[in-house]
Each structure stands twice: as structure tokens, then as C-alpha cells.
Amino acid sequence: MSDLTTRYLGLTLTSPLVASSSPLGDSVESIVRLEDHGIAAVVLPSLFEEQIELESMSVDDDLARGADSFAESLSFFPDLKDYNIGPDRYLELIRGAKARVEIPVIASLNGVSGGGWIRYARLMEEAGADAIELNLYEIATDPAISGAAVEQGLLDLVASVRQSVRIPLAVKLSPFFSAPANMGRRLDHAGADALVLFNRFYQPDLAIEDQDVVSTLVLSRPEELLLRLHWTAILFGHVGADLAITGGVHSARDVVKCVMAGARVAFMASALLQNGVEHAGVVLADLRRWLDAHEYASIGQMCGSMSYRSVPDTSAYERGNYMKVLSSYVLKGGPVAGPPGMGHRRI
Amino acid sequence: MTGTRAIVDGNEAAASVAYRLNEVIAIYPITPSSTMGEWADQWNAEGAANIWGSVPEVMEMQSEGGAAGALHGALQAGALATTFTASQGLLLMIPNLYKIAGELTASVIHVAARTVATHALSIFGDHSDVMATRATGFALLSADSVQEAGDFALIAQAAALESRVPFLHFFDGFRTSHEVNAIMPLSDDDLRAVIDDRFVGQHRGRALTPDRPVLRGTAQNPDVFFQAREAGNSYYIACPTIVQTVMDRFADRTGRRYRLFDYVGAPDAERVVVLMGSAAGAAEETVEALRRRGEKIGVLKVRLYRPFAAAQFLAALPETATSVAVLDRTKEPGSLGEPLYQDVVTALWEGRRFPRVIGGRYGLASKEFTPAMVKAVFDELGKANPKNHFTVGINDDVTHTSLDFDPAFSTEPAETVRALFYGLGSDGTVGANKNSIKIIGKQTDRHVQGYFVYDSKKSGSMTVSHLRFGPDPIRSTYLISQANFVACHQFQFLSRIDVLAAAETGATFLLNAPYGPDEVWRHLPRSVQETILRKRLRFFVIDGLAVALEAGMGKRINTIMQVCFFAISGVLPREAAITAIKQSIADTYGKRGSAAVEKNFAAVDRTLARLYEVKVGTQADAGFDVLPAVAATAPAFVREVLGTAIAGLGDRLPVSAMPIDGTFPTGTSKWEKRNITQQIPVWDHDLCIQCGKCVLVCPHAVIRAGLIDQAALVEAPATFKSAKARFRETDASARYMLQVSPDDCTGCTLCVEICPVKSKSEAKHKALNMAAQAPLRAAETANWDFFQSLPAFGRDGLVHDTVKNVQVLEPLFEFSGACSGCGETPYIKLLTQLFGDRLLVANATGCSSIYGGNLPTTPYTTNAQGRGPAWSNSLFEDNAEFGLGMRLAVDKQNQYARELVARLGDDLAAGLLQADQSTEAGIEAQRERVAALKVKLAGIDSAEAVALRSVADTLVRKSVWLIGGDGWAYDIGAGGLDHVLGSGRNINVLVLDTEVYSNTGGQMSKSTPRGAVAKFATGGKHTAKKDLAMEAISYGSVYVARVAMGGNDIHTLAALREAESYEGPSLVIAYSHCIAHGYDLSFGLAQQKAAVQSGYWPLLRYDPRRRHDGKNPFQLDSAPPSIRFRDYAYQEARYTMLARSNPDVAQALLVEAQADVDRNWRVYSSRAAMAEPEKAGSEKA
């Protein structure tokens, strides 16, 4: 039987199948179930510093609203002993999970202030997290701020957190850099022990009847994997950091692709949410069957086997890939049928 | 003393002892005692134990009557049990008090003494409630101060256990219950030292138990009842001595010595005042001041009023006393004197002591009782023929009972810091001042006192904090009238009231103003400038709002102004004060998270750099002054009486200014222009589709729609806006108007939130958009006045079946003092639009009775014909019966009128008797017939004609509505409501369901949903909300609707109209979002919608008339749930607080709550799907 063991963030994992940051990791019981079904490590849902601040101000507002205004109702709520504002619940989740499962527990953090990132990272380390994934989720809406400034900010942040904690550090990236390969390398130099490709964002949708902007986060689809495979393949061998893929991993074949592209691990969330945690067992069984059928001794054997540096023709990972797709589409489809009244045109 | 003192109010002091000395605590909210129950519930939730190591059982009941019943039962079964109450609540307990005392059952009830409603309700303090219990057999023990409220709670309990006589321990509502003071708290060991467990054991030994069965509660015949009633006499004879023994034991333990009657003053006093309660503080202070002038006077403080220990009283009264004044804080009309006076007279007579005795009334409903008034009483005692049965504190210019007093007389110690703070409810001033008291009380050995005065509005309310700090004990149980520090936290107050009236010469004045030190002077009203110069005030200014905004504090300037106070007043060294403030912030806000703490810290750090001493001008040169309270065009009564009260000078009104029977004119809120918003909605008339939703939801009726012929707009102000009317019923020349009253708007933004129209070019621009009020105020005020001058659109010009049409109906409920964004008032307003000109309202006590009927003004108003809602509040518990009584009266008089009309026998009579009044036109036609009838009767002086004239108006259809909240409908008034719904009579009930007791601060009712946190449900409510609709539906003959305006406004409109048209009982349960739900109320309507979408609040109507058409009366009017209960509930702090504090319980309750929703939906949808098998009346034999 093939050996599925892999190394990620300096940790030995029983397989490359890792539970990505999702609601599946928000309770100890759920994490235990993930382990029971073969998941090799779990990334907890992100602790959002902004949310902690927001909750603090919100509780304060809720208790203050209407208070001390009218003689008969000087308050509207009992003042409870504890509102659990702050990271305590999250840290308790880390502690609880560590006490119950053998698999590595990776905390995830999204901060807003330099102090916040460092403070919470230290707390996570103290709580027993095996590693921390920095969730660099940021929307650069200010046109006055350059890409270079944003990048430098992220690098400084990673470096400062790196100096503050001893446990391994993964950095979850957005795909939206002008030069992702360069950014990956700089993050590597800044101290990232792993790069996780890529973050998936809440994407605003437009409700055109109500003229409203609606925040959505739909489950990932398998085709989203392609972008991640592409950049993993490019980065493999160019960075010392481990690579991980998150987004679009739904099957054993997807896991194989991730590893072949150069990832040490493949993160899965949507497929587990859709099919249940039991799906992990199915994927692992399929993975073993595939490896056995294709006579791989171990999963490590194939890691990076189809990366940019390992394939005979790299044009597919370069601009040639784009050209190839376009031309093959024309050849296959011939004249493109447009909507009625649009006539025919050729690309 | 430092280090062991506690800074608490009277309620907390009493509740802390009561909680630790009992096993069962029955609670029910009523001002001003509610916080005692709240503390008990909170301590229970926190697992705090009594002195025997067990956590007391705390149970909220459905009324005070219920609490007394539960208390009685718990006592009978052997528990140590107590309850807390006041006023009407205590009256509801009276039947049980007789029973508990008659059975010699040791117990204590703690009462924050409050006025009993007579000509009016009052939430404030006097002894009318306590005095109503003096025949029950309860001992009455009076605590005069915050310290004594704690001490006497213990003494009462120990004495009750030892004497078997139950005790009513009372202290003055608000003055003591809400005064914050430094006390020496009683430790558990103190309690154990005073409570003798032998008597606890004896109490338990008398318990009803099947193991030693006895019978209690017998019925007795004339042969033995009398003797049995006398059988317990010896216990009452022994009681005073036991109380004194306990007081002595208490003194041995604590060093604080009390007697049944405590005398303070000259041993050889000639003039003595006898009184009890907080007034003793002012009296004692006055006696000491006057004695220093050599006067031979004294005050005798009554501690144990019942049983009245005559011997001890006589012993306490100096033999030298030749003239005694007995002061009662209550009134017994028709008596020979108030109760304490009568007891003193009797005691003296029976003791063969014959000083001259006079009695007087003072301090009703927390009327101020000052040293000046005390002095007036002593002065009166010194006269050859003093006035008996006098009043003091008012000007009785009708029956001339009042004593004159010199308001300038003061006994305030010079070394006491006397600070006054004027703030807005929403700016946190009171909270900050409570913190300041704690800081000073803990950091120094100074004595501290804080008392807080609030106005009657729930939005834009003004608070006045009275703080004293000094080296000597503070017994000044009256407001500060000579302040050496005055802070005005809201600049706009300067143009409304005289905030410097109480400033003494040389005082310090701190002003929060949007102006710097160089420019602020010229922005002060002239009279303020004059006062600053005349009183030579030191003047400081800070732009607190700017600091707050910079620090991320929003409009909360509390911390900033607190820093300024400490920096200027020098009460503490500046650095020490800042450190203490920060520690206090950490203590107060720490559990709310670091962000709340850090923002407050930031505010502290930024403050001092922005605080400036102002170099005052040399002369008062402002060209403007304080504005009159009401416009000169107001009616005389409004101008002279209500206007005086609005200006904060109501204490000056003489008796002759007051209506003799509590009857006031309506239509007065429009004269109380409060100007409390900084933003108002601005209409884009090009974009507007004239749907009327904004008008419908406006809680304060400040946005009005109208239809008018274009010709009438010729004289309109230049900025007045109108649009071509888009109504089927209007012609081409009709214009649609939408106008806002800028001085009455509260800025809640509900109108903007509900506006469905968005610009096609810019989605954020709606047909209504909020804009700064100040630049618009003058123009929009002129536009409002013009709009108001236009004739209302005829009521019969449109069918009232759409929100669009109803918007042009004149609201006869406007500009209430309800919370900004209130979820209740839109329903009442709509009711008045639909039926206001023929509406009688019986209003249960609660929010709706306060914003509906709390002086100085009322939002109920009249139309151009002078018709409008007739409104009254009886009580909390009896509203259904009260409203039914109105209906019976209207029906009876209508019947009588019809009988008399029938005797006329002419065409007019036929028209009157056969009138169809189902439409507006029909009602108007009947009004014309009645008018014709009156003309016809005018010249006839027969008895029948006179009688018919007096009841003729009842020939026009009247609409009787019973309005109240869920506290009334689900709890205290449930029995009455049930009876009234079962009566078959044509009454209409509107339940404004906020799911808590909103008016008293958010206590749980049976309407509170499962999983929500409320006061009295600190750990979250574990049971489901009562389904009041299904209860009423079970009658089969009651029209029932459950509505939510934000869920479906047309459904709400239809339900109200159907309810009114139904000739039997109708019940409309209206979802009312509320500040007690814990979110920004601008999202109130969205939450209503979510409540409906989640299936938590299914819209339904049950119309018995449909059965006659072979239809199912039950109509489920909302779609199946489309979102989860969680998605609705977790937008509100009442749910999320539990999720934060106790996530496991919250999760379990959430699962159950979702199951409730699912189950209810199944039941409702099944019921709605049922076919009505046969028409009514086709029953087969």
C-alpha cells in the first residue's frame, strides 16, 4: 500500500488531506469527527481581530443604548459577569482540540493592527496551536495606496509575527498580486514556513431588483483548483516554504493534482460541507487506490512532479497556455454562436 | 472608613441583605423597586448564596398579587421568603398581607415607597402606599437613608423571626432607593450575628407538612372569629421591645445604634417636628443649623411606625416640648389628619401629655423637602396660632393650607463640593457621574452622595446629576440649589433652560460647546452671559464631541466630561484622578472587551489638551436670549401652566393652576418643540412614488403627507415642495406634499430605511435622505407651518384600504416622548388616523401610558372639528376591564339615546336609528343628523329632551380600544383580558408586544421568547413565548390578528380595520421592536420583516365572520419560513448576549426555539388548510 505520509510546516501528517479553515473546525466535537474520518490536520476558522473589536464596541453600545435616560428604565439588560469578548473562546477551542485530537491543530488569524496580529499570535501559541496560518485578507480599496505599499505592509507583518512566535507560520495568500511568484519568494524570506494558495473572498453580488449589494460566499467549485495548481506549479522549487492548496479540492484526483503541482497538502472544506465529513474517508480511500493502481510508493514521490520546473514543456504554465487554450477553443467550436441578433463572429 | 465602604443605592443596599437572608424570593417589576428584584435575579444567576450557603430561589410572578400569593405559600411551607414592591404593587398585595399577618408568619417585604395613583399616576416617592397597609397587621419599619435601607433590612428580618410579626421595611422611592451613597455594608457574618437561627428553626417548625399536618386558612363563624382575632395580641405587644432588642444587638455588632424613635436636637427643645423617611435627613440638618443660632428645637424620627410604641414615643419626646408638628408624606382626603399625626395625637392624649400639636403634609410624589421648608415648619410652631393641617413645599392659593418658606435659606455646608451636571440621556453623563462617586468614595475618605433627576421623555431626555462630596456625613436629602460646580454637557440646553440658576457666586462653570475659548462667549445667550458676570463664575469650555469623535466614542462624551470635572474641581489630584478614571473604565468596560476600554482611554488622554478656561467678556452683549418654553401663540393653559412645567419650573405652579380632577386638554405636544435631532429626512419629490410607507412608520408623526389643489399653494414658502399627485381619486390639479417637522423629528431614520425608492443613477440616494437639520431648520419650520395651515384632505375622499391612501389621513397622535425609532407608536398613530375622531382609549400602564399621558404634554390631539381620541389610564392590571366599562357605558347610553330618539317618531329619528355607519360617509351623515337633533332639542326643556341632549353623541359609532403592552396582556392583566375577550362585547384590543416590560427596563414577561436574555431572565428564558393569539382564537368568537408593520404593512392596516368593523371582541397583537431588544432601532422594520420571514412571527388573522360564508376563519398570511430563526434572532443583543455569555445554553435554547417555530408553523398551516365543513347555524339535530 502506498505511503500517504507528508510533511507540512515541519509536522508529519498522515496524509496530504487537511481540513481548511471553515465552520467544520469551530467546535471540538466537529474537529474530533474530522480526525475520525482521516483528516490529517485541521485549520481552525480565522480569528478576526476586527470582529473582536466590533463585538466589543457592539456590546458596549447595546448595554449603553437608552441607559440612564429615563427614571423607570435606567438600563435594559442585566449586566452579565462575562460577555466572552476577545479571543478567549477561540483559545479555548485550541486547548480543547489539542486535548482531544492527535492531528495538528493550526490556528488561523486575521488581524487589523500590528499589535493585534502579534498579541493574538502569541496567545494562539500559548494555547497550544501547532502552527498559525496568517489569513492575509485585505481589500485595498484606497486608490492612493500602491501595490508596493500593500505588499511591503504584508511582508513587515509576516516578519513581525515570525519574530514573535516560535511555532511554524503559514501565510494564506490572495491571488491578486502583480507578481505572485515574487511575492511568494519575499514572504518566504520574511519568515513564512508555508504558503497557502489561495484565499477565497466574500464577493459582493448585485441584487438588481433591490439595488442592493449582497455579500456572498459560495462553496468552492472544482474548476477553481486550476488557478491554484498553476501558481503552485510555478512556485514549487522557488521557495523554501511548503506549499499548500486551498480552494477547489473536491476529490482524490484533485489531491493528486495538488501534490503533483508541488503542494505538500491539499486543503478541503466545501466538499466536506457538501458531502459530509465522511467524504474525507472516501477521498483517502480513492487516493490510496489511485496511488496503488499507478504504483506510487508514496505520496512524496509525486510531489512537484508536474511543477513548472519538472515538466518538459513549460509553455503551458506561461503565456503559451493562454494562447493554446484560445486557439484550441476556436478549432473545436468553429464560428461562435452568440445570442440571437448578435450575428456570428470569430475570435 | 476607606476600603470597607460600598458605594450603592438604597435598593441595592436593601436587596443585598434581603437576598442573603431568604430562601424564596418572589419578584415583579414596579418602579422604583424594580432594581431590588433585578439584583436578586442577577445574584441568583451568578450563583450567589444566602448566609446558609444556598442559592435562593428567585421567581418572577405575573403581578404583585401573584408575588404576594407565592410569598404566602412559601412562608406557609416553611421557607424564609420575601418580595420587593411599591405603590400599586403593594396595594395588590394587601389581601395577602392580612393573611400573612393574621397567621403570624415571619417575613419581610421591602418597599421603595411610592405614590399611589389618584388623580394621576406618579412614579415618585411618598408614603401613600405604605400607609394603605397600616391596618394589615404588618409591622412598618422606616429607613431614612441608604445606610439604613441595608441596616433595617436586617433588623426587620431578625425582628420578624423573633416576634412572628411580619414586617414591611420601607424607604423613600427614588430619594433613598436611587440615591447613591457610601455605606458600611453588612457582611455575611454581620447578618449571622444578628439573625438568631433558633427562630429560623421555629419558623420552619411551623411549616405546613404532611409529616405534621395542621389546618390553616379556616373559615370561622361569628361565635369564634372575634376571639381568634384577638388571640395574637400579645405578639404585637411584644414586638416593639423585640425590635429594640434586635436594634441593640445590631448596634453591638456594627456600632450603628437605632431606636424605635430617634430624637435629634436640643434636650430642652420647645418645638419638635415628628416625621419619618428620608425627610429626616433634611430636618436633622436644619435642626443642627438652627440650634447653632440658639433655637430650642428638635426632630423626632419615627423608625417603627407599626406597632406604634406609644410609651417609647413619649419617652423620646422631650418633656419640654410645647409645640409639636407631625409631618406626613401622604394625604388622606376627608380625614381629621394624616395617619402619623393621628397616631401622635392619640399617643400624647393617652399619655396625658398635652403640647400643642399640628399636622402637615409635605413631599407628595417626591416633591422637594428642603431645609427652607423645615425651617418654615419650625417658624410656624413658634407662632401663637400656628396653622394646622398645613401643607409645605407648595403654594396652596385655593384653600390656603401652605406655609410660606424662604427658598434662599440654606444649610449646605460650605466645605461640601456641590456639583450639578446637565446632560442628555444618551451622552452617558449619569453613568460617568456614578463612576465619579465611586472613584471619590473609594479613593478618599470623603462622604459622597449622588442623586439623579430625569425628565419624562424617552428620547432626547435631559438628566440632571446632583453630586455632593464632603468631609462630613451627607444628610442633604434634597436637590442642590446652591452649586459650586455646574457642568452643562449639551450646549443647546443653554437656550432652553437656566442651567446656572443654582450656581452660587464664584462657582465653576464647565460647558461642552462646539466653540473654542475665544469664540464661545459670543454664542452664549444674553442671560447666561449676565449670570456668569453677575455671579463671577469661572468658566471652562471643551469641545467634548470633537474629542469623542476622534477617540471613536461617537456621541458619548461621558468620560471626557468626567476628566474635565476632576481636572477643574480638584477633588482629587489630577494625575491620581486620571489613574482612577482609567481603572474605573477598566472595571466598568473590561468585560465588554478591549476595544471599549481602549477607546475610553483614548478619550481620557485627549481631553485635557482641549480643555480651556475662558476669559469671559466684560459685558453681556449677545443679541439673543433663552427661548420661551412654548410659543406665544399657544393657548393660555399651555402657555401658563404646561409651559411653566416644560421650562422646568413646575414647582412654582400654585394649586389654582391645576385641574381639580386630573383632567387635561389634549393637543398639547405640538407646543413642546424639543429640537433634539441633528439630522432630518429631506424629500426628493421627483423620485418619490408617494407610497406612504414613510408616513406610516414614523413613530413621532413628524413626516406628513397631504393632497391639495395646486391653487392653494400659491402662497407657499419658496422652498415648499410638492409633486403631481399620483392618486386615482384626485384630478390633474392635485398636488402631493410630504413635509417634515424639523423641531419634532427625533432623527430615527426609520422613514429613510423603509423608503423603497432608489435613484436609478445612484443607489444610495433615496426619495428620502437624511441631511443636517441646522441649515434646514428655519426654512423647513416655515414649510411645516404652511403645511399645517392647509386643510386636511377629506376623510371620505379616499378608501382607507391602502397604505398609500391612509397616509393622507390626519394622525391624532403626534410628537410623543417615546424612544427615537419606537416600534409601538406607529400602530397607535395609525389607529388614530383610521378611527381617531371617534376613539376611546383605555391604556394600560406602561410605555404607552407614559408617552401617551405623562405631563407636561400629551401626543393625543384633535382634528379641525375638535374631535380626537379620548384617553385614560386606570391601572396596569385592570385595563381590559376598564376598557370594557367604557364600552358598556357607550352602549348603554347609545341604547338610552335610541330609546329616547324612538319616541320622537319622525324622519330624523328614523334616520338616526337606521343609520349605516360602516363607512366614513355613513358616520359623517350620522354626525349631521345628531347635530340636527341637537338643534331640534335646543328649544325643548323637557326632562327627556335634556336627557337626550346629554347622550345624543353616543348615536355616532364609537370605537373603543384597549391598548397596552405584553406585561399587561400576557401577565398582570391576562385574567381580565381573557374575561373581556370572552364577553362578546364590541371592544378592540391592541397589544403592543415588545416581549418585555419595556417601561420598567426590560423585565421578562410571558411574551419573552425562548432564548432571549431579559431582566429576571439573566440566564436566558427557558420557556417558550405564550401564544396569546391561539388562546383568543380558542373562543371562536374573537377576531384575532397577529401583525408586524415591518413584515407586511397592508396586512397591519387590514387587520386594524377588520378588528374595528367586527361587532364583537377583537385582539390585534402587534410586533413592536423596542430599545430593550438591543440593536440600533433604525433597523427595527428590517427586524420585523426578518421575524416574519423566519416564521417566528407568522402573520395571521382569525375572522369569525368568515365562518358565516363557509370559509375557514383562520388565515395564515405570511409565507413559509425562508430564513432560520437564528438569522433573525442573532441580530439582537437580547439573544447574542446569551450566546456570548453562555454559548452552550444559548445553543440548546436556539435549537428549541427553532423547533418552536417549526412546530408552530405546522400547526398554523394545518389550521389554515382546514376546510370549514358547514356554514354556521346549519347544525343538524
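Student: Where is Asp941(B) found?
Tutor: This is a predicted model, to begin with. Asp941(B) sits in the loop that links helix H30 (920-938) and helix H31 (943-951) of chain B.

Student: Buried or exposed, that Asp941(B)?
Tutor: Asp941(B) is exposed, because it has 8 other C-beta atoms within 10 Å, and the cut-off for exposed is 12 or fewer.

Student: And what separates the C-alpha atoms of Asp941(B) and Val24(B)?
Tutor: They are separated by 66 Å. Along the chain, the two residues are 917 residues apart.

Student: Back up a bit. How many helices and strands does chain B have?
Tutor: Chain B comes to 40 helices and 38 strands. Its radius of gyration is 31 Å, close to the 32 Å from the globule rule for 1181 residues, so chain B is as compact as a globular protein of that length.

Student: What does the C-alpha trace of chain B span along its principal axes?
Tutor: About 90 × 90 × 75 Å. Of the 1181 residues in chain B, 56% count as buried. Among contacts in chain B between residues at least 6 apart in sequence, 76% join residues at least 24 apart.

Student: New topic, sheets. What is the strand order in the open sheet of nine strands in chain B?
Tutor: The order is S1-S8-S18-S19-S17-S20-S21-S22-S23 (chain B), and the pairing is mixed. At the edges are strand S1 (6-9) and strand S23 (611-613) of chain B, each pairing on one side only. From one strand to the next, the twist averages 20 degrees.

Student: What does S17(B) pair with?
Tutor: Strand S17 (residues 417-424) of chain B pairs with strand S19 (residues 462-470) of chain B in the antiparallel sense, over eight bridges. S17(B) also pairs with strand S20 (residues 483-488) of chain B, in the parallel sense over four bridges.

Student: Which residue in S19(B) is the bridge partner of Phe421(B)?
Tutor: Ser465(B). On the S20(B) side, Tyr422(B) stands opposite Cys488(B).

Student: How many residues of S17(B) are buried?
Tutor: Seven of its eight residues are buried, which makes S17(B) mostly covered.

Student: And where do side chains go in a regular strand?
Tutor: They alternate between the two faces of the sheet.

Student: What about S8(B) and S18(B), how many bridges join them?
Tutor: Two bridges join strand S8 (residues 180-183) and strand S18 (residues 447-454) of chain B, and the strands run antiparallel. Val180(B) stands opposite Gly450(B) in S18(B).

Student: Which strands does helix H15 of chain B lie across?
Tutor: Helix H15 (residues 429-443) of chain B lies across S1, S8, S17, S18 and S19 of chain B, at about 10 degrees to S19(B). Helix H1 (residues 10-20) of chain B lies across S1 and S8 of chain B, and runs at about 100 degrees to S1(B).

Student: Now chain A. How many of its residues are in contact with chain B?
Tutor: 32 residues of chain A are in contact with 38 residues of chain B. The chain A side of that has 15 nonpolar, eight polar and nine charged residues.

Student: Which domains does the assignment give for chain A?
Tutor: Domain 1 (6-307) and domain 2 (312-347). The centres of domain 1 and domain 2 of chain A, taken over C-alpha atoms, are separated by 35 Å.

Terms used
Residues are numbered from 1 along each chain as its sequence is written. Chains are lettered from A and ligands numbered from 1 in the order in which they are written. This is a predicted model: local features need pLDDT of at least 70, side-chain atom pairs count only at pLDDT 80 or more; totals for chains, interfaces and linings use all residues. Two residues are in contact if their C-beta atoms, placed from the backbone, lie within 7 Å. Ala, Val, Leu, Ile, Met, Phe, Trp, Tyr, Cys and Pro count as nonpolar, Asp, Glu, Lys and Arg as charged, and the others, Gly among them, as polar. Domain bounds come from an automatic or database domain assignment. A residue is buried if 20 or more other C-beta atoms lie within 10 Å of its own, exposed if 12 or fewer, and partly exposed in between; C-beta atoms are placed from the backbone. Two strands pair if DSSP finds at least two bridges between them. Axes are lines fitted to C-alpha atoms, for helices over the stretch in contact, and angles run from 0 to 180 degrees between N-to-C directions. The radius of gyration is taken over C-alpha atoms; the globule rule is 2.2 Å times the number of residues to the power 0.38.
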